[in-house]
Amino acid sequence: MFFVKNIRIGFRRHPLFENLSFAELKPGTMATIIGPNGAGKSTLLRTIAGLHPMLSAAGSANKSGKAHPEQPPIITLGEIAIENLSLQQRVKHIGFVPQVLPQASSLSPYEVIFSSIKSVQPDLNREEADQRIEPVFRKLEMDSLAFEPMHTLSGGQRQIVSVAQILVRRPQLLLLDEPTSALDLRWQLKVFEALQDQVKSTGAVCLMVMHDLNLALRVSDYLIALSAGHLLAEGAPVEVITPAIIRQIYGVIGRIETCSQGRPWVIADETV
Amino acid sequence: MLNPPAKQIAGTSTLTNRHQQVVARRVLCVTSLVVAMLFIFLLDLATGASNISFSQVLSGLLNSSELTTPEAVIIWELRLPYSVTALLVGLALGLAGAEMQTALNNPLASPFTLGLSSAATLGASLALAFNWNDIALTTHLIVPLFAFAFAAGATALILFLARVFDARTGTIILFGISLTFGFNAMVALVQYLSDADTVQQIVFWGMGSLARTSWEKIAIIFMVLVICVPASIIQVWRQTMLRCGEEHAKAAGVDVDRLRRTLMLRVSLLSAIAICFVGEIGFIGLVGPHIGRLLVGEDHRFYLPASALSGAVLMLLASLASKTLVAGAILPVGMVTALVGVPLFVLLIFTYARRQP
């Protein structure tokens, strides 16, 4: 369903990944990227979303017509070759939640979500848009805040609005950059439940960036561990998160313990 | 505001219904502004040194033959062009200010933040300092032309600098502020080198006056509005998304750089055309949008018309005040805008603050 192959990511003078590929993600997958600060996790998501330009193949950055033909970069979503689409075309298939919170404006959450869906699908009429927004607000318990200005909301509430935005748009690929960084325990779980429900029911793929390893273990079906410049490991969460990987990524000595209910739990002991 | 009544009847009132209520309230708000604008427009039309009654003005507009020749001249050649100019300039500056605040993501931005008005003043001062012999030609053609050319030049300079240095909004505002200082210094230089008559003319130009209008100029301002308004309507959702922040606008598919460029171009055109004909008129472009925001929020479907209409209302009130404050004299309108606008604005801020928790 979702492929990334041979992509070169970063900045022209400072490439972050030269030749990044990871295994195909199947419909309904909740995948999480982990990695140290500055590894390029956010840049990876922004590049797939179309907010950051993909670098052309190594060594031919200034001769775009003569890119090395042996390994063309591929980002495929279902039947669609994402790498060829403009930002405006990508947003019809991809929902991206940036790391920064939505600005504290005089807009209400309802207006934010309504104008977001109207920007992406201008031909959607008001009734259809309303019908899509209502259940998402119900699920995220946002009803009472729906028409309050954003500047009266807390950071966490604004973060929920930005997640709600892409749930309403129902994209095939959901990209979320630390979607629960401002949320309390209950809302972290609420947001992931909502994401899981939508991904399973629509057969979409969700790719997130997260720092909390325990949360990652709990909510993901698939884990991708990145380290400076390369893919360290990928696969089932319990297979990827090992003391060796934790030490390699974060420079931390840690253990994986199993709790009384059989869940794996990461315990960090000290820095190396 | 903290306890919306909908909470109590959450079972019966769906979000969709509440959304419809909110939209209906905003439509009503914009409609009231239109009515208020038309009312003040008629009031402005009926006010002046010569005693022509309100009903005479109304019937005279509908049927010119009912008026005596001097009355017809006063209404058709003086009052109507003044009022129409005030209305159009107010609309243009209000709209320009609203889009500027969105484009630069700064509530302190106004068309003049970018130094447009001081550039226009510099252009006008130079034109006046050259002392052309034909006074009519100077005041009606050369001065506006110079003012417009300089304002357009300032815009081009800022857009060029922003492009070359890939500037962020904060930097663009800094460019604008430094340009303002530069232009003001040059205006002072021109004044210093000119004779007393010219200095007086320059100072007077800086005050902004509706007396410089004519039907041809009105037609030009109207045409610019006709060109700019549909472009605003097309970008209405994108502008609303930009209020969530650059990254979120991009995530909704908005080409932020392009949106910002077209906004700045449009804002510059609107404000340059408005100020080149009437002179410097401050405050409207700054406060119109704030009144619009207080009344209808920032959904640009309502925010843009409300800001433009608030600008027109303020401008017409200023025109009205300019005729009534000093008996028998018409004050320069640019001088009066702030006099009228400040109390109104303060009143609005306080009413709004009281509604806040």
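Predicted model: local features only at pLDDT ≥ 70, side-chain atom pairs only at ≥ 80, totals over all residues.
**Domain interface and sheet of chain A**

Across the interface of domain 1 and domain 2 of chain A, the rule finds zero salt bridges. On the domain 1 side that touches domain 2, helix H7 (213-219), S9, S10 and helix H8 (237-240) of chain A each supply at least two residues. H7(A) gives the most to this side, with four residues.

Let me set out the two parts. The domain assignment of chain A places domain 1 at 2-241 and domain 2 at 243-272. Their C-alpha centres lie 26 Å apart. In chain A, 15 residues of domain 1 are in contact with ten residues of domain 2. Together the two domains of chain A bury about 1,100 Å², 70% of it on carbon and sulfur atoms. Of the area that domain 1 buries against domain 2, A:Asn214, A:Leu232 and A:Ile241 supply 40%, more than any other three residues.

I turn now to the sheet. Chain A has an open sheet of six strands with mixed pairing, in the order S6-S7-S8-S3-S9-S10. Strands S6 (94-97) and S10 (230-235) of chain A stand at the edges with a single partner strand each, so one side of each is left without a neighbour in the sheet. From one strand to the next, the twist averages 15°.

Helix H1 (residues 41-49) of chain A packs on this sheet, touching S3 (30-34), S6, S7, S8 and S9 (222-227). The direction of H1 makes about 150° with that of S7(A). Helix H5 (residues 155-169) of chain A also packs on the sheet, touching S6 and S7, and its direction makes about 175° with that of S6(A).

Note on methods:
Residues numbered from 1 in each chain as written. Chains lettered and ligands numbered in written order. Heavy atoms only, no water. Pairing = 2+ DSSP bridges. Axes fitted to C-alpha atoms, helices over the stretch in contact; angles between N-to-C directions. Contact = heavy atoms within 4.5 Å. Domains from an automatic or database assignment. Buried area = accessible area lost by both parts, 1.4 Å probe. Salt bridge = Lys/Arg side-chain N within 4 Å of Asp/Glu carboxyl O.
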